[in-house]
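Here's a quick walk through the packing, the strands and a few individual residues of this model. Keep the 3D view open as you read.

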Amino acid sequence: MVQKLSIWVQVLYLCLAATLSVATAKTRSEDKRALLALKDLISSDEDQLASWVATSDPCSDSWSGISCNCSDLQAPLSALACNTATAGANGTVISLDFGAFSSKMTGLLAPELGNLTYLQSLRLDGHHFQADSSPPTIAAGGMVYSSEKCLNRTAEASTSVTDAMWICWDQFEDPESGVATYSYQIFQLSPPHSLSASASASLPTSTSSSSVPSSASSSSSAPISSASRKLLQTPAQTPTVTPVSPQMTIDASTAPTAQLVSGLELQYGYKYYAEVTATNNADLIATSMSPPVVVKDPNHGLLIAIVVLASIGVSVLLVACLTAFIVRRRLVRRYEETRAQRGQMKQLKGLMHGLVNVTGDPAKQQLDAIRNARELAFLITDLQDSTAMASANPVAFRKVQDIHDTLLHEEIAKFNGYEINTEGDSFHIAFTSVAAAVQVAMETQVRLLDSDWPKDVLKLPACGQEKDDKGEKVFRGPRVRMGIHWAVEGTVANRLHLVTKHRVFSGPGFALAQELSDAADGGQVLLSHDAWLNLRHNMADAGFPQVEQLGMYKLEAWPAPLWIYQVSHQLGRPLNRKFKQPRKIDFKEQGWGLNIAPPPEPRPPRNLLTFVAVRLFLPRGSARLPRAVANALYQIVAMVAQQFEGYIFSVNVQEGRCMLTFAKTVDAVRFCHAAQTNVLYHRWPPEALDISGAIEHTPDGRLLFRGPRLAMAVHETDDYE
């Protein structure tokens, strides 16, 4: 019996020992280290954590505020809500509750709390703990500065504004808790310019940080930051720092980092700087200051500057006047010498031409040929508004007549014309070819434009200078209207005047030339259809003119309507003149413009014709040419085609495409070369050069490409319709 009782006692002892071992299981080492780390960072606990010592165990020694079993839990996490499955084995901390502590504790939350793997409840209400220990920092390379509207990040060193000041700063950064607010304030340094070199150099980069909670307010008596005091304490002197604006606090998430502080009373000669304080959500602050800005009086030194500038201005004016006087005297002297030389040369030319005419040499003048010719070209000229010019200024008008007559006499002699007579300021001239008449007409128009007309002449009616939309000179001096007609046999007669011994011409052919001259506008040269038929086979002798068919008109001197043409200019001598419809004659039908060559006759025996296709390389992505480029290109192609009797039968001006046909292959090839050369040397508008690309040269420096690039193909065939 005693032996059985002893066995039962041993069994009960073992069970009790096992129960006690479970109840007193030691806490996990990770949990204990985390709790001790938390205690080390608590600055004041009023002995409420006295049980938290390294020599004891949190669970078995029942540290205050610690729960290791679900049954020990209190609200808000009850024993029923405790997740026993995830609470871990005995010896794991599952709850940390400071809510029941009577005294408020402060400090930092230790990062090791993250090692409490099985923690299910954390209660710290009523206490002041911080999770962030790092204050904000200004962004790398950032600074506080002052500039007008903060548009220029370069800080201003001076200003003349006394009632306001801009405060600008770059963003502060705080990756842990974020920046909550910005506070800014302006300070004055006194006495004037008291900031030492070392302190001044330190201001732009000075930044101080503090883990003490900020106490910024909107008070004008806000304390000066420790950064300001430290930077301003120099061995040489200790200037007085005085706030001149209240410290303003703004929300960092919404307010801009550029603030205008107005209502100030800044004083001339003093330095001012701005101080910006950033506060994060853990109430940690960082302060940065701007470089000092000196307030300068805008009138300071103004009088000296005025005196200096006035002295310089007077000196420059005197030098300019003296230079202008000397240059003017030289120009006047050179002008007089040049004018006298021109007069002498005109006299010499007149003498030479007169001597040539007197010799009767058939190689140099054609008087005999004109007397005996049955077909002649007549050129009739007339000075526009001559009556109005004579009434406005008779002296100036006599100058116009002298120069006008001299130019015409020189050109008539040069191209072997015969001056029939003059009627006032109108010249009647005969030639053996239309080409010679066109040469005299166009040479005279160009020389009238380029003559050095006196100022009183340019003030006369219809004598002033005019320019086109490109700024090119198109008129300067008197305007002369001209008409040219080729009088075929039977339409003109001539006889010798019994008194003057001069040839007198009459008939409908001569009258038609007079009517054409009267129909032309000032500076315009008109051609009859017969004149064009004679000219188109001799374009080279006429200086390669550009001829345009204006339309069909009815003239009084001719029984049927006639096609009327206009000579616009000669190759290399552009006259970009625009005229109205011919006057005093009846318009019947619109002309064909530049495309006036008739279709060529096929060459026997195979009836061959030569075709030329012209295409412009367009810029990528562009389907149409600019209007100015397209028109200029068409004018070049049409003008060159006239010289070689090419017929344009298909054209698309906007796309830079056209088709031509020629009677001879050699004329087609000549046309291609001439057109390419004209494109190369044409004065293209800027938009044409933008399309065509860069100018290119040959290896020896000659011009290769300038302006649009033309592709041409020549084909001879009898397969056409």
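## Cores, strands and single residues

Let's start inside: the largest nonpolar core has 48 residues, and those with the most contacts within it are Leu379, Val434, Val438, Ile484, Leu527 and Leu535. Helix α9, residues 434–450, gives the most to this core, with eleven residues. Bear in mind that this is a predicted model.

Setting aside residues up to four places away in sequence, Leu535 touches Val434, Ala435, Val438, Leu527, Ala542, Pro545 and Val547. There's also a second, separate core of 29 residues, and among its members are Val629, Ala641, Cys672 and Val679. In soluble globular proteins, nonpolar side chains tend to be buried together.

Some nonpolar side chains sit on the outside, though. Ile304, Val308, Leu309, Ile312 and Val316 make up a nonpolar surface patch, and together they have about 490 Å² of accessible area. One of them, valine 308, belongs to helix α5, residues 302–359. Is valine 308 buried or partly exposed? Valine 308 is partly exposed, because its relative accessible area is 42%, and the cut-off for buried is under 20%.

Now for the strands. Strand β22 spans residues 426–431, and six of its six residues are buried, so the rest of the structure largely encloses it. Ser426, His428 and Ala430 point one way from β22, while Phe427, Ile429 and Phe431 point the other way, and all are buried. In a regular strand the side chains alternate between the two faces of the sheet.

Elsewhere, three strands form an open antiparallel sheet in the order β8-β10-β16. β8 (144–145) and β16 (258–262) are at the edges with a single partner strand each, so one side of each has no neighbour in the sheet. Two bridges join β8 to the antiparallel strand β10, residues 164–169, and tyrosine 145 has cysteine 168 as its bridge partner in β10.

| Residue | Relative accessible area | Class |
|---|---|---|
| Valine 308 | 42% | partly exposed |
| Tyrosine 268 | 42% | partly exposed |
| Histidine 569 | 14% | buried |

Tyrosine 268 lies in the loop between β16 and β17 (271–280). Its C-alpha atom is separated by 5.8 Å from that of aspartate 297, although the two residues are 29 residues apart along the chain. Leaving aside neighbours within four places in sequence, tyrosine 268 is in contact with Ser160, Thr162, Val295, Lys296, Asp297 and Pro298.

Histidine 569 is found in strand β30, residues 562–570. Not counting residues up to four places away in sequence, histidine 569 touches Met442, Phe544, Pro545, Gln546, Pro574 and Leu575. Pro545 also turns up in the contact list of leucine 535.

Methods:
Residues are numbered from 1 along each chain as its sequence is written. This is a predicted model: local features need pLDDT of at least 70, side-chain atom pairs count only at pLDDT 80 or more; totals for chains, interfaces and linings use all residues. Side-chain values use heavy atoms; hydrogens and water are left out. A nonpolar core is a set of buried Ala, Val, Leu, Ile, Met, Phe, Trp, Tyr and Cys residues joined through side-chain atoms within 4.5 Å. Buried means under 20% relative accessible area, exposed over 50%, partly exposed in between (1.4 Å probe, protein chains only). Helices (H or I, at least four residues) and strands (E, at least two) are DSSP runs, numbered from the N terminus. Contact means heavy atoms within 4.5 Å. Patches are made of residues with over 30% relative accessible area and no salt bridge: like charges are joined within 9 Å, nonpolar side chains (Val, Leu, Ile, Met, Phe, Trp, Tyr) within 5 Å. Accessible areas come from the Shrake-Rupley method with a 1.4 Å probe; for residues, only the protein chains shown count as cover. A salt bridge is a side-chain nitrogen of Lys or Arg within 4 Å of a carboxyl oxygen of Asp or Glu. Two strands pair if DSSP finds at least two bridges between them.
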